[in-house]
Amino acid sequence: KNAGSLNWPPLTWPFPREYQDKEEVVLWMNTVGPYHNRQETYKYFSLPFCVGSKKSISHYHETLGEALQGVELEFSGLDIKFKDDVMPATYCEIDLDKEKRDAFVYAIKNHYWYQMYIDDLPIWGIVGEADENGEDYYLWTYKKLEIGFNGNRIVDVNLTSEGKVKLVPNTKIQMSYSVKWKKSDVKFEDRFDKYLDPSFFQHRIHWFSIFNSFMMVIFLVGLVSMILMRTLRKDYARYSKEEEMDDMDRDLGDEYGWKQVHGDVFRPSSHPLIFSSLIGSGCQIFAVSLIVIIVAMIEDLYTERGSMLSTAIFVYAATSPVNGYFGGSLYARQGGRRWIKQMFIGAFLIPAMVCGTAFFINFIAIYYHASRAIPFGTMVAVCCICFFVILPLNLVGTILGRNLSGQPNFPCRVNAVPRPIPEKKWFMEPAVIVCLGGILPFGSIFIEMYFIFTSFWAYKIYYVYGFMMLVLVILCIVTVCVTIVCTYFLLNAEDYRWQWTSFLSAASTAIYVYMYSFYYYFFKTKMYGLFQTSFYFGYMAVFSTALGIMCGAIGYMGTSAFVRKIYTNVKID
């Protein structure tokens, strides 16, 4: 059966499927790259390997996520048929001149290894090895494949590399392979379980960190409710029994504190256009995180290449009205006039940041000829999503937001003349509050950060999305509580600039996450080289900024509710 007359339609076969006996099974070569730099990958045939005798089949990128992640499937040319054992056989030979030998030596020195796919199951193999002195280099020339089948599905693939051949210039190296089929009891649904690492992800430390964060949550919620109870109880006590109060309570009452700034507390923030765009974007990122984690908990997204990224892009585009609604309504409440400009900035804030970073890293990837270089067509597709999906949906959200909740309905009137802000102690300054605000939220998530970083930058598949969901909930509660406490102290110091302070004190979590990523890079990974370093710090900056904007928006929303609540109960004479 020649490769020209394949009996399935061109777009269905890279997906897992049911096979007939003796039907062709395709071994795809994906990428090759240094073991310590997971993201630095090149096409398999960029090393001078030879191709099997079978005619080539072209591969299409099935999904946007796969194209963005640099999956480069190429046909290996090996003749494999379902349930048909192949005895050890040579499939091609390499004429090893000096140039080819240098390429292989470089690859072996840098611990290059390659990835292949059979029926969507990944297989990894190492290119070669050096002897102890580092003088002689050897190439593994024999691929011994063991494929497990259950009924007419492939459920397990193992690769053993054998046949160590010394690299000597101007010799011929024969590449060979063998295939052994064996019956397996693994169910088709469970075939990815062997790639997961329960001992790593369900480690005691993981459980302990969740428990630890819960303790923090209980403490903070207690603190916030105490503040609320104290202020509200005092108010009610004062208005019911004005005469029965002692001097201490009277001193704590109207003489100073947050009640003094009731005429300024609902004054619009400085730079309302940027502020409302950030809040809208933060709400959208939160919605995306929530939905993607729920989808990942229900569906095993890790079983398909690039599906996590595709899902995130789709959900981000679909949740654009959330951004428009919260950003647009806040801008209207703050008396903003240039709402179309606000909508554009809100819509393109995150996409511009992500695409800008990706574009910069792309230049380096192109320079290195890495498979991570994003194809031009994919870039165009992403731009089209921005202009034709995200922008119109954002417009819908903005119009709804302006009309449904765009009226300023504050519990207190805003004075015509801003009140002067009195001198206060250095630790009450907004800048200090902002810096300290991110410590507790970061403390509640940093163990989870370790697991997420490891699954992205090392070779673990992240699958414990239940943990991630818990951590997201804990992060929200901690962030809201911390910003409420910060804002309460700020207002008590008669400083009414709480909007930016509440946003930034929550968003400063991002600074701590980025600092942690430096620690992780130097102490937990063995990455090297310009490509990997720029890739790591570029995408870590995007991740941290997005996390910061999300935390900031959550903090502001919680604080806004708190401020409305306490000023609703104030009786202004």
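Predicted model: local features only at pLDDT ≥ 70, side-chain atom pairs only at ≥ 80, totals over all residues.
Start with the layout: the chain splits into domain 1 (23-191), domain 2 (203-233 + 426-572) and domain 3 (271-410). Note that domain 2 is built from two stretches, 203-233 and 426-572.

## Where domain 2 meets domain 3

Here's the contact tally: 28 residues from domain 2 touch 34 residues from domain 3. The size of an interface is often quoted as the accessible area lost when the parts come together. For domain 2 and domain 3, that buried area is about 2800 Å², with 85% of it on carbon and sulfur atoms. Three residues stand out on the domain 2 side: Y465, W500 and F531 supply 22% of the area that domain 2 buries against domain 3, more than any other three residues.

What about charged and polar pairings? Between domain 2 and domain 3 there are 0 salt bridges, and the count of residue pairs in polar contact is 1, taking pairs with both residues at pLDDT 80 or more.

## The domain 2 face, piece by piece

Which elements give two or more residues to the side of domain 2 that touches domain 3? They are α13 (465-492), α14 (498-507) and α16 (530-568). The largest share of that side comes from α16, with 16 residues. Sorted by type, the residues on this side of domain 2 come out as 22 nonpolar, 5 polar and 1 charged.

## The disulfide

A search of the whole structure turns up 1 disulfide. A disulfide is a covalent bond between the sulfur atoms of two cysteines. In this model the partners are C50 and C92, with 1.8 Å from S to S. The link of C50 and C92 is right-handed, at 65 degrees about the S-S bond. C50 lies in the loop between β3 (42-43) and α1 (64-68), while C92 is in strand β6 (residues 86-96), so the pair ties together parts that are 42 residues apart in sequence.

## Salt bridges

Side chains of opposite charge can pair when their charged atoms come close. The structure holds 18 salt bridges. One of them joins the side chains of R153 and E18, at 3.4 Å from N to O. This pair links distant parts of the chain: R153 belongs to strand β11 (residues 153-166), E18 to the segment before β1 (24-25), and the two are 135 residues apart.

Terms used
Residues numbered from 1 in each chain as written. Heavy atoms only, no water. Domains from an automatic or database assignment. Contact = heavy atoms within 4.5 Å. Buried area = accessible area lost by both parts, 1.4 Å probe. Salt bridge = Lys/Arg side-chain N within 4 Å of Asp/Glu carboxyl O. Polar contact = N/O pair within 3.5 Å; in protein donor to acceptor, adjacent residues only side chain to side chain. Helix = DSSP H or I, 4+ residues; strand = E, 2+ residues; numbered from the N terminus. Nonpolar A, V, L, I, M, F, W, Y, C, P; charged D, E, K, R; others polar. Disulfide = S-S within 2.5 Å.
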